[in-house]
Amino acid sequence: MSTVVDITDLQISFATDSGTVDAVTGVSLQVQAGEVLAIVGESGSGKTVTARSILGLLPETARVRGAVVLSAKDGTSAQDVVPLRGSQLREVRGHDAAMVFQEPSTSLNPVYPVGWQIIEGLRAHGKLGKKEARAKAIDVLRRVGIPDPEHRVDHYPHQFSGGQKQRIVIAQALVLDPGVIIADEPTTALDVTVQAEILELLRRCRDDFGAAIVLITHNMGVVADLADRVAVMYRGEIVEQADVRTLFSAPQNAYTQQLLAAVPRLGQGVEHTRERAARRTEGWAEAAPVVEARDLRIVYPGRLRQPDFTAVDGVSFAIRPGEVLGLVGESGSGKSTIGRAIAGLTKVSDGSLQVLGTEMNGFKERSFRPVRERIGFVFQDPASSFNPLLTIAEAVAEPLVVHKRAKDPGAARGRVDELLEAVQLPKAFGDRYPHELSGGQRQRASLARGLALQPELLIADEPTSALDVSVQARVLELFDQLQRELGFAALFISHDLAVVDLLADKIAVLYRGELVEEGTGAEVLGAPEHPYTRRLLASLPVPDPDDQARRRTAWNALRAAD
Amino acid sequence: MATATTTPARRRRQIPVVHQLRQSVGLQRGMLVAGLVLMGLFLITAVFAPLLAPYGYGQLRDADGAFGAQLPPSADHLLGTTVGGYDVLSRVVYGSRTALYVIVIAVLLSIVAGVLLGLVSGYFGGWLDRVLVVIADAVYAFPTLLLAIVVAIVISGGQSTMWGGIFAAALSITVVFIPQYFRVVRAETVRIKSEAYIESARVIGASNWRIMTKHVLRNATRTLPLILTLNASEAILTLAGLGFLGFGIQPTKAAEWGYDLNRALSDVTSGIWWTSIFPGAAIVLTVLGLTLVGESLNDLADPRLRTRRRAADTPGADAQVSVVPGGTLAAPGGVADLETGADR
């Protein structure tokens, strides 16, 4: 096997407002032809920067030292891309190495047909005629699995679904037959069921097109599914590099071990749920539910003659005091809408939604305000859910001040310190501003704010999906511990079945606005009844290469059966 | 430059302009410094006008009798005298005072009104928003100067005392500028309204008034200093324009550059350069100063336009800033934050 990419002692630093920051310190890597190398690590570990240096795609503020030798696929030429500029760099890009970006909806230009965008790459490198180029674009679209490519080549990006868009982006990368494709979190923005299909396609890129793939990801399941070899990055260095089986079965480095231990696994929560169920007092099942939805329908009115969009359609469920309901579904399934409706942020269109004894269908803000005191909310993105101009203490004190439990943030400081301690943040963090905290710390502060009024109900809308795996594990643990101590009921919304399984007493699966399955973790994960749940379970990659290979076969069989 | 900080530095309450001055490098710094020097000169002249000017703005004679009209620069009159017999230097110096008054009043009034309307309009939306936006657009459709003239006539009613004139000019400028502040604040409010922290305040049960003042207002007004400096220069131009067209202030009530330029119109053809050059230069320099400051603040506020010092050649000079003990910190490290700017 020949080496396509040979990185030696790569060092990258950035000029920032607060001085020079070293993003990568001395990385050496080789990528062999036709292999999938996964670079894993937390955000800020330098994995993206390392991979981008292969294409010379770094911002102007970057300073690169070391060598990145990129060889052509046929082995005729090899050159160091670090000193390349302008036209030489353009020669290499696309031809020897191509890139697949994270977010397919933003990496395609919305004003050009997809065919034009694929041909653009061809024209930049070869002297193909219009007809030939078009034929080639149609051919590559067919090979990445776009149905009816002769016709769809003239369609615009918005006419494709998210998964199809990512296929087109991959087609764009494949059309010049590059030696290596750099895929930067290619499936992070996609739903699990779509993710499985894209992973399958990337595998075909390697097998059918013979391209090497540098896969950047933080998802260990994806690594187990696709990678041949894994490099673990931490603080700008490679801490471990190994064959995928070796890495998962016998991780050497302490950090790798910690990272693997933090990944939630399916079925982990079953025992936990049983324990919780055993602790319940008699008569618990008869207690009046905190939230009760009956035939709940939520419709977003269409604008400008577009039809109305039914986000939630005839959903019924109940959350009893002290119970954690996990709500799972892909994007657009209406799971966040239900959470927002319970918090009074979205109007209920039809049916009934009782929250703490108040009917939410046609509610008045004035009469609902006292109820708000009894509801806590934790938002998805901790970066944007704090006012950037308030300190953490001021933000956590906000509910206390609003509901007149304290005169001003200063008077609430004692309680705020208690709350910060409860979420395991040092008291001194209260004087910091949100941007001075890490994502996990911010999410813990957000939890403290949600719990400030000792609510009976906590709604957590994807509270860990913006966090790294190791941080996610800590936040989930904390959530579980606080729930046990304070005994609030909770609606836990997530797209990740494994995460929900860890925490929830009951799991409800939403699909296109309808509740397709509800039950305990053991029921839903062990014996799924609805085909969608089965598909969802099968497409979830598990962090174990051998197990995942078996699951993949099962998934393919399931797909063939459909 | 910042030394190595292993924990995120506590944010100091930074003094706006000083902070930007420290942050800037190269040409951007040069522009900012030049602008600040010009603005400083303007402010000093305006504040200390009675000390700096040799004569009063409306003074026609001293102990030795009348000055005489259209005298070239001399020891008695450093910049000569005008066709009306006033001392050019004194009028240029006192003119800065009038300009400052007008800027302060116009900017204050339009900011208060514009921000309030923009906030309410953007936050509540609905029919009120639609009506206000239409009015703002309608005001935009009028030529600025024409509108200012109409307002000047309505307010002063032909009278032109010093404060009457100043208020007429300031109010007419205000009317023109309110839509600008209104639009900026409204757009920001609409954007901020959908931010998660507003929703989180709403979930907590905070009242609309509290959300508007505590969360929206302070975040929406961050770009205002930039528009403010740019508008101040426009205010001077409008004032000068009004004066030039004869809707300004009588020479005996206050000194005003535009009026002096108007009077100097006939001098230009007869080779009398000093009556027009100096008030004209005063306008140009003041506007230039304000614009330079405004533009550089604007560029510095945008991390994409801001130039930075090159990354140091020697690795580890003040490195390790990115790495924060205790795991992943998005704050100063992280590739994403490099582009969005760590100072958000």
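**Helix pair in chain B**

I looked up helix H10 (residues 224–244) of chain B and helix H13 (residues 274–301) of chain B: they pack at an angle of about 160°, with their axes 8 Å apart. Helices are DSSP runs of H or I with at least four residues, numbered from the N terminus. Axes are lines fitted to C-alpha atoms over the stretch in contact, and angles run from 0 to 180 degrees between N-to-C directions. H10(B) and H13(B) are therefore roughly antiparallel (angles over 145 degrees).

I then listed the contact (C-beta atoms, placed from the backbone, within 7 Å). H10(B) contributes residues including B:Leu226, B:Leu230 and B:Ile236, and H13(B) residues including B:Ile283, B:Leu290 and B:Gly294.

**Source notes**

The model is predicted: local features need pLDDT of at least 70, side-chain atom pairs count only at pLDDT 80 or more, and totals for chains, interfaces and linings use all residues. Residues are numbered from 1 along each chain as its sequence is written, with chains lettered from A and ligands numbered from 1 in the order written.

**Domains in chain A**

The domain assignment, automatic or from a database, gives domain 1 (1–96 + 212–262), domain 2 (269–374 + 455–539) and domain 3 (387–453) in chain A. The centres of domains 1 and 2 of chain A, taken over C-alpha atoms, are 39 Å apart. Their contact takes seven residues from domain 1 and four residues from domain 2.

Key. Helix = DSSP H or I, 4+ residues; strand = E, 2+ residues; numbered from the N terminus. Parallel < 35°, antiparallel > 145°, perpendicular 65-115°, else oblique. Contact = placed C-beta atoms within 7 Å.
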